[in-house]
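Visitor: Hi, could you walk me through this one? I'd like to go by the numbers.

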Amino acid sequence: MTAPVSFALARGSALVTGASSGIGQAVAVAIAAAGAAVACVSRGTFDGGETLAAIDAVGGHGVAITADVRDPEAMAAAVARAEAELGPLAYAVNNAGIGAGGAALNLSRAEWERVYATNVTGVFLSAQAEARVMIPRGFGAIVTIGSISGHIANRGLRQAVYNSSKAAVAHLTRSLAAEWAPHGIRVNCVSPGYTLTPMNRRPEVADEVERFADETPMKRLADPMEIAGPVVFLLSDAASFCTGADLLVDGGFTCW
Ligand SMILES: NC(=O)c1ccc[n+]([C@@H]2O[C@H](COP(=O)([O-])OP(=O)(O)OC[C@H]3O[C@@H](n4cnc5c(N)ncnc54)[C@H](O)[C@@H]3O)[C@@H](O)[C@H]2O)c1
């Protein structure tokens, strides 16, 4: 019999984009708890704050790195710094993304390109920088963060630009999975349903959030840590035959 499956992340260090809040923060903490040191990447003036404290609390190790996923040189530098501080990169989660809406008829080209720059180009540039160090070593596991909005057009929301950007993430994932499988790199997507991140905790969206919960068979939103579990699974050797998958983690939202 072969060895039992392992959910541990013991093959090297990890990098998570958009780790300063919400899903990315939970993913960084869950990865640390599963055994890998984590480079927590975010834009702006990110100093690691809450994320590094939470990693500490689970007995893990992390560093904060500032980089904008839209900038290929910044992402290459982030990967280089992650490897210099934490050792060879084995795992990466390309989570940084922005929500956006607006009626399609009035949407400006600038707004369309702003959303795609982070949600699609940023995911591609992150994966490219990561794969460039993983491929020479013949091992890597990458997870992208899509959305239910890449599968369905959210009832009552006008957000063609966001929805199509997230569909692009899922197909980019399949394309990279096929291209990099011969090099030992697995690439999978996790597509969350409505999740209780700061975006959905604002008092002004309380009514909308109640409707999101009602439209979900499980009648609630996800806690960010409930998205992190499936991400850790797909990174781990327990998912060694999974590549190009798009795992819906949505409390059943897309069932009906
Ligand atoms: N919250 C939800 O209900 C939900 C549902 C489905 C999918 N998602 C997706 O999950 C991901 C995380 O969402 P969240 O709700 O945790 O959002 P959030 O706003 O709490 O976190 C987004 C993170 O991405 C970072 N970021 C944004 N643009 C960046 C850039 N250009 N470069 C580097 N970092 C950047 C932010 O600084 C932050 O750390 C996004 O891709 C989002 O589309 C969220």
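Visitor: How many Å should the 12 residues of α1 span?
Guide: At 1.5 Å a residue, α1 should span 16 Å, and its end C-alpha atoms are 17 Å apart, which agrees. The expected span is 1.5 Å times one less than the number of residues in the helix. Helices here are DSSP runs of H or I with at least four residues, strands are E runs of at least two, and both are numbered from the N terminus. This is a predicted model, where local features need pLDDT of at least 70, side-chain atom pairs count only at pLDDT 80 or more, and totals for chains, interfaces and linings use all residues. Residues are numbered from 1 along each chain as its sequence is written.

Visitor: Is α1 largely enclosed or exposed?
Guide: Largely enclosed by the rest of the structure, because 11 of its 12 residues are buried. Buried means 20 or more other C-beta atoms within 10 Å of the residue's own, exposed means 12 or fewer, and partly exposed lies in between, with C-beta atoms placed from the backbone. Among the buried ones are G22, Q25, V27 and I31.

Visitor: And what comes just after α1?
Guide: G35, which takes a positive phi of about 120°.

Visitor: Which residues touch the most others in the largest nonpolar core?
Guide: Of its 64 residues, A14, V16, V27, A28, I31, V38 and V231 do. Helix α1, residues 22-33, gives the most to this core, with eight residues. Such a core is a set of buried Ala, Val, Leu, Ile, Met, Phe, Trp, Tyr and Cys residues joined through C-beta atoms within 7 Å.

Visitor: Where is A84 found?
Guide: A84 is in helix α3, residues 72-86. A84 is exposed, because it has 9 other C-beta atoms within 10 Å. A84 and T121 are 37 residues apart in sequence and 25 Å apart in space, C-alpha to C-alpha.

Visitor: Last one: how many helices and strands does the chain have?
Guide: Seven helices and seven strands. Along its principal axes, the C-alpha trace of the chain spans about 45 × 40 × 35 Å. Buried residues make up 45% of the 256 residues in the chain.
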